[in-house]
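Hi everyone, thanks for coming.

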Amino acid sequence: MDIQTIVKQVMEELQKEGQIKSGDKPANDAVHTKESSVRTIIYEKVKQSGVDLPADLQEIEKVQAITPARIGIGRTGTRMKTRNYLDFRIDHAAAQDAVFKDVSEKLLNELKLPVLHSKAETMDQYLMDLDSGRKLHDSSRQWAEENLPKNKEVQIIVSDGLSSTGVEANIRDLLPALVQGLQSKSISLGEPVFIKRSRVWIQDDLASIVNCDCVISLIGERPGLATAKSISAYLIYQPNEDTVEADRTVISNIHEGGVPPVEAGAHLADLIEDILKHKASGVKLSQLK
Amino acid sequence: MYTCTLKNQTYQFRSIADVLAKASEEKSGDKMAGISAGSSIERMAAKVVLSEIKLKEIYENPVIPYEKDEVTRIIYDDLNLFIYKEIANWSVGELRDYILSHQTRTSDLFRISKGLTSEMISAAAKLMSSIDLVMASQKIRPTAHCNTTIGEAGRLAFRCQPNHPIDHPDGILASMKEGLSYGSGDAVIGVNPNNDSVESVSRILHMTHDFIQKWEIPTQNCVLAHITTQMQALKKGAPIALMFQSLAGTQAANEDFGVSKEMLDEAFQLMAKHGTSTGPNQLYFETGQGSEVSLDAHLGIDMQTLEARTYGYARHWKPFMVNNVSGFIGPETIYDGKQVIRADLEDLFMGKMHGLPMGIAPTYTNHMQADQNDQEIAGMLTALAGANFYMGVPGGDDVMLSYQDTSYHDDASLREMLGLRPLREFEIWLENMGIMENGRLTERAGDLSIFK
């Protein structure tokens, strides 16, 4: 018996038992009132096997639980089934929207983070002109020079980057865990700051002002489909004009489905200890280790 | 200095680099770098000038001087001067006509490619339309051999890309089984690691190697960590069939990536000595328009020309795969679907014209103006143009790198719509596994639980 026949029989059984209401049948079956023509759909993503006649259904459900990857979804012909295709497009739509939201004032107040600005005046400028997000705005530079503690071992920067959602979701757990980790190792720390519309390289700019040994940026990652809530940490030892990308150490995918933020805080503190000990970061650090 | 009068307006260009930049089709990265044409008509004036520039002028004026840049040195040192001299007096327009002519055979193109610098190939591409690029690309089919042979006519391969956000071994394994069950993985089983430590990278290498051994899969494994990490893993005995590195088109950008000729030479020799694969092609490079401009290491040269130079650099190490990921960076380099499609077609042609076994990853990120429709169009067009391989990502959604690429479903679809088969060795394996019959997926395909 093929799958369509089975489905058809099951549907007929369900209808007999009255589990499918007439509103679910094609409209021309019934004379319908105004109310019955309103259909409410509450769409939720459900993770379940879409494989027709799998060799081992339990195995598929088991592995679906250990990875956010879209596996075990099956196919129609060579293509995705309708449900999975819609899931994908919905997640893309949500991710696109996440780029253009701001981190809330409430969160920044709660964490008591001073807010600095990059040279990017608008989101569009930020997206299209990399340099604008890599340098501090003159007023922020002046404020940092006058107010931030200098000559500490570590400076922390929080950046909205490409996902303010990521900052919102993780920074409450991540930042205290990191600060606590550093304190327990007696590593001296400047005042953490939030820099609006900033990119990774702004850490070089700020490091030159506060004169720290290691600067760490916690930055909202570009949103993916599986999660729009991911943060990356970029660490660098004493950046200068000869600094290259390979000098930066990166820990990515900090979020509940990746490296959980509390765990990441402790791990990053260990990593900073390592960087300070070896006086190096990035590829240089991994070669020294 | 070049000038061109067009529609009663005179346009001036300072140098060959300036002509090349302004003759480029519109891309946001060139705009950000401040080197693109100021108007559509200025772009056309640059194309007119470019069409009349002799190959000799380009040869004598590399966009970045030989003394200053390792990429330029590799390109010039590898050039066949006998062949170059035969064509030195051609204009760029004549080169384009030659490439597209019915009289020009595949073997002719392979031959002249040895006498062309990367800037010449970039220049020809700038005078080509989408169909031109597809027609030219179809003519050139570079092949390479690692454990499987890639690039043969009628065949299309895929990299199974089973990434996991924190490298969970069972998660990687599950996505890998999923990919293989769709017939994806004949180019390579290649994992992007989240954790770049030697131990973690070695663990994934052992795991993928063991799986390939157990199921006797004719393919190669690769973990796309930094090349220095992979070399350390290899020296400690980790099984590597294919070694990976990202490359760019200027020495400055390659320094940013932490890579140099010396390092690649070492990797090449290490793989010949300790790699697990047959070879002779044992390296895998990733490239793509825009990395130099996003690293601020473009030196005033346009993205497309720098991409061509990346191929001139890459061909020195005879790679098994060169994977183009234009579109991976974001809107500051490639703004929208239209720019991605154009870049993919240009890059495929330019890579093939360098004699490289090219694959394309038509990708988009969530902060650019592109969607699934654009990506699928780019995939279909480059498949028509004869790309050697694509990525295979579960459901098209890379949960580690946070971007969208071709899915296992797309892979199977591209083969089916164009009547293409998997790589020879791998197709036999798929048939033995009951996943494929006569080039079509069986009912068993798409079920990861068949690997028990």
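Okay, let's start with a pair of helices: α9(B) and α17(B) cross in a right-handed way. Right-handed here says that the near helix is turned clockwise from the far one by less than a right angle, and left-handed is the anticlockwise case. Before I go on, a word on the model: it is predicted, so local features need pLDDT of at least 70 and side-chain atom pairs count only at pLDDT 80 or more, while totals for chains, interfaces and linings use all residues. Residues are numbered from 1 along each chain as its sequence is written, chains are lettered from A and ligands numbered from 1 in the order in which they are written, and side-chain values use heavy atoms, without hydrogens and water.

Back to the pair. The axes of α9(B) and α17(B), the latter being residues 303-314 of chain B, come within 8 Å and cross at roughly 135 degrees. Helices, by the way, are DSSP runs of H or I with at least four residues, strands are runs of E with at least two, and numbering goes from the N terminus. The axes are lines fitted to C-alpha atoms, for helices over the stretch in contact, with angles from 0 to 180 degrees between N-to-C directions. That angle makes α9(B) and α17(B) oblique to each other; under 35 degrees would be roughly parallel, over 145 roughly antiparallel, 65 to 115 roughly perpendicular, and the rest is oblique.

How many residues of helix α9 of chain B are buried? It's 9 of 9, residues 118-126, so to speak mostly covered. Among them are M120(B), I121(B) and K126(B). Buried means under 20% relative accessible area, exposed over 50%, and partly exposed in between, with a 1.4 Å probe and protein chains only.

Another pair in chain B is α12 (residues 198-214) and α13 (residues 227-235), whose axes come within 9 Å and cross at roughly 65 degrees. α12(B) and α13(B) therefore count as roughly perpendicular, and their crossing is right-handed.

Now, charges. Side chains of opposite charge can pair when their charged atoms come close. The cut-off for a salt bridge is a side-chain nitrogen of Lys or Arg within 4 Å of a carboxyl oxygen of Asp or Glu. Over all chains, the search finds 42 of them.

Take D91(A) and R70(A), with their closest N and O atoms 2.8 Å apart. D91(A) sits in helix α3 and R70(A) in the loop between α2 (57-66) and α3 of chain A, so this bridge ties together parts 21 residues apart in sequence. D91(A) is buried at 14%, and R70(A) is buried too, at 11%. Which residues join them in a network? K45(A) and D397(B) are linked with R70(A) and D91(A) by salt bridges.

Then there's E26(B) with K31(B), at 3.1 Å between the closest N and O atoms. E26(B) is partly exposed at 42%, whereas K31(B) is exposed at 51%.

Last stop: the surface. I41(A), Y43(A), Y85(A), L86(A) and I90(A) form a nonpolar patch with about 460 Å² of accessible area together. Patch residues have over 30% relative accessible area and no salt bridge, with like charges joined within 9 Å and nonpolar side chains (Val, Leu, Ile, Met, Phe, Trp, Tyr) within 5 Å. The areas come from the Shrake-Rupley method with a 1.4 Å probe, and for residues only the protein chains shown count as cover. I90(A) belongs to helix α3, residues 82-99 of chain A, and is partly exposed at 41%.
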